[in-house]
Amino acid sequence: MNEATKFNLFSLSGKMKILHFSWIAFFITFFVWFNHAPLLGAIAESLGLSKAEIKTLLILNVALTIPARIIIGMLTDKYGPRLTYAALLLISSIPCFMFALADNFTEAAISRFLLGFVGAGFVIGIRMVSEWFPANELGTAEGIYGGWGNFGSAAAAMSLPTLALLFGGDDGWRYAVGLTGLISLVFSFIWYANVSDTPKGSTYFKPKKIGGLEVTSKGDFLFLLIMKIPMYAALALLTWKLSPAGVSVISATAALIINLSLIAIFIYDCYSAYNVNREVFIKPVPEIEQYKFKQVAVLNILYFATFGSELAVVSMLPLFFADVFELNMVVAGLLASAYAFMNLMSRPGGGWISDRFGRKKTLLILTAGLAVGYALMAMIDNSWPLIIAVITAMACSFFVQAGEGAVFAVVPLIKRRLTGQVAGMTGAYGNVGAVFYLTVLSMVSYQTFFTVIAATAVLGFVTLLFLEEPKGHMAEVNDDGTVELISVT
């Protein structure tokens with residue numbers, strides 16, 4: 001095996017160069033996306049924000065990511081990851097600079113809402129990595145991409161407070177946030193100059209139409225419309241949280257207008273999906289081009305339970321440890337960081353296990369593990385030794401993050417030319433899960449919160465029984481009509 005085809009993490013050429021550039025790009029998107037979290041105290045003091053306004057910024061930060069992942073998935077499939085990632089990194093630097101220069105809550109809120117778009121970067125690299133790695137290495141490569149890139153949020157938490165202090169003064173946080181925007185801007189040019197969408201001589205397969213996910217049967221079209229509903233429901237839930245019924249940041253009239261707009265957009269989205277798929281109502285899709293949408297639906301539900309729960313738990317775990325064990329927030333935060341820190345190894349580990357032992361079998365074991373893990377976390381109280389509670393949280397996080405890696409070991413093996421859109425929809429379901437779980441948390445005890453996550457993991461386990469193990473080849477048709485078979489085994 002020569003250097004170009006070997007899986008060598010220390011190589012900076014060929015497919016390994018693409019992998020390293022991809023995870024660095026994803027790392028930067030998360031570094032920018034969560035640049036406010038460790039600086040909230042200084043930001044609140046500088047802008048004179050109330051607790052309700054701080055919570056609103058946190059909600060706004062994730063709101064746009066749900067539709068953004070769908071849109072970026074379409075653009076990636078159409079224009080390629082090289083151009084799409086470069087554009088996302090460049091454009092996202094603008095709201096980042098806006099946030100650094102904000103003088104009041106309104107300016108901070110608008111820029112934070114727009115910055116939610118950078119959270120869609122994850123989808124782009126999934127398609128890029130799938131173009132460069134064979135099926136037997138894809139889970140490992142996607143796991144490294146996701147796990148190491150995800151660490152950007154932890155890197156922000158560890159480095160930005162120090163940077164703010166080094167810059168000094170009341171505006172130290174502004175320089176720290178602005179620096180992340182500058183890094184994003186500069187790397188957009190570095191990325192574009194150093195990568196290509198496919199290895200030399202390979203074809204980049206594009207969707208036949210843009211505007212919606214292609215399906216290959218009438219039944220799958222109806223299934224697609226049903227699976228769109230939770231994404232809009234999550235945005236309606238965010239609107240409710242911002243309304244007088246929640247944190248009262250927007251008026252009842254504004255909430256009504258937003259909800260009516262969501263209904264109108266949903267109707268248009270369904271119509272657009274019909275336009276893309278109208279041919280399935282006229283004539284059957286050739287068998288060689290078919291795929292089963294149920295594969296996508298199962299992965300959506302699993303990512304809802306895995307990444308959705310991770311985002312929610314990372315948000316509340318410091319407070320959980322502080323309340324249950326009567327710790328100060330600094331100690332509680334350090335203990336809780338162990339949950340997120342596991343990403344460096346857990347997510348690549350989940351992908352690697354999938355490559356070695358089978359996609360479906362791995363997902364079944366990991367989903368069962370995370371259901372048990374959250375059920376155990378629901379039992380934690382102040383009678384537990386603290387060390388056992390922390391170990392339980394870390395063990396649970398392994399199954400959660402390895403499960404994320406295993407989900408995205410399957411995503412690129414469904415339909416190559418639709419990989420960006422499938423990754424976009426599955427990724428969006430992770431954010432939908434986070435909104436759902438955090439809303440549950442606002443209404444119930446910690447124990448009930450963890451029990452609800454465990455129950456959705458059991459639901460995910462049941463739906464997994466309908467997943468079909470990818471095997472053999474998937475077919476893509478070239479522009480000249482010739483068929484190319486891509487191994488998925």
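Modeller: Helix 19 covers residues 446–464, 19 residues in total, where helices are DSSP runs of H or I with at least four residues, numbered from the N terminus. From the first C-alpha to the last, helix 19 reaches 27 Å, close to the expected 27 Å; the expected span is 1.5 Å times one less than the number of residues. The model is a predicted one, in which local features need pLDDT of at least 70 and side-chain atom pairs count only at pLDDT 80 or more, while totals for chains, interfaces and linings use all residues. Residues are numbered from 1 along each chain as its sequence is written, and side-chain values use heavy atoms, with hydrogens and water left out.

The buried residues of helix 19 are Y446, F449, F450, I453, A454, T456, A457, G460, T463 and L464. Buried means under 20% relative accessible area, exposed over 50%, and partly exposed in between, with a 1.4 Å probe and protein chains only. An α-helix has 3.6 residues a turn, so residues three or four places apart point the same way. The buried residues of helix 19 pack against helix 13 (293–325), helix 16 (359–377) and helix 18 (419–441), contact being heavy atoms within 4.5 Å.

A polar atom of the T362 side chain lies 2.6 Å from the backbone oxygen of G358. Leaving aside neighbours within four places in sequence, T362 is in contact with G350, I353, S354, F357 and A406. Of these, I353 belongs to helix 15 (residues 343–357) and, at 26% relative accessibility, counts as partly exposed. With residues up to four places away in sequence not counted, I353 touches G358 and T362. I353 and G405 are 52 residues apart in sequence, yet 9.3 Å apart in space, C-alpha to C-alpha.

In the loop between helix 13 and helix 14 (329–341) lies E326, which is exposed at 73% relative accessibility. Most residues other than glycine have a negative phi, and most peptide bonds are trans. E326, although not a glycine, has a positive phi of about 55°.

Helix 18, the remaining partner, is one of the helices that each supply at least two residues to the lining of the second largest pocket; the others are helix 3 (51–63), helix 4 (65–79), helix 6 (105–115), helix 11 (218–242) and helix 12 (252–277). The volume of this second largest pocket is about 850 Å³, a volume being the space filled by probe spheres set on grid points joined across faces, edges and corners. Of its 33 lining residues, L64, P67, L235, L262 and I265 are the closest to its centre. On a 1 Å grid over the protein atoms alone, a pocket is an open set of points with protein on both sides within 12 Å along at least five of seven lines, and lining residues have an atom within 4 Å of a point. Helix 11 gives the most to this lining, with eight residues. The lining divides into 26 nonpolar, five polar and two charged residues; Ala, Val, Leu, Ile, Met, Phe, Trp, Tyr, Cys and Pro count as nonpolar, Asp, Glu, Lys and Arg as charged, and the others, Gly among them, as polar.

Notes
On a 1 Å grid over the protein atoms alone, a cavity is a set of points where a 1.4 Å probe fits but cannot get out, and a pocket is an open set with protein on both sides within 12 Å along at least five of seven lines; lining residues have an atom within 4 Å of a point. A polar contact is a pair of N or O atoms within 3.5 Å; within protein, one must be able to donate a hydrogen and the other to accept it, and residues adjacent in sequence count only if both atoms are side-chain atoms.
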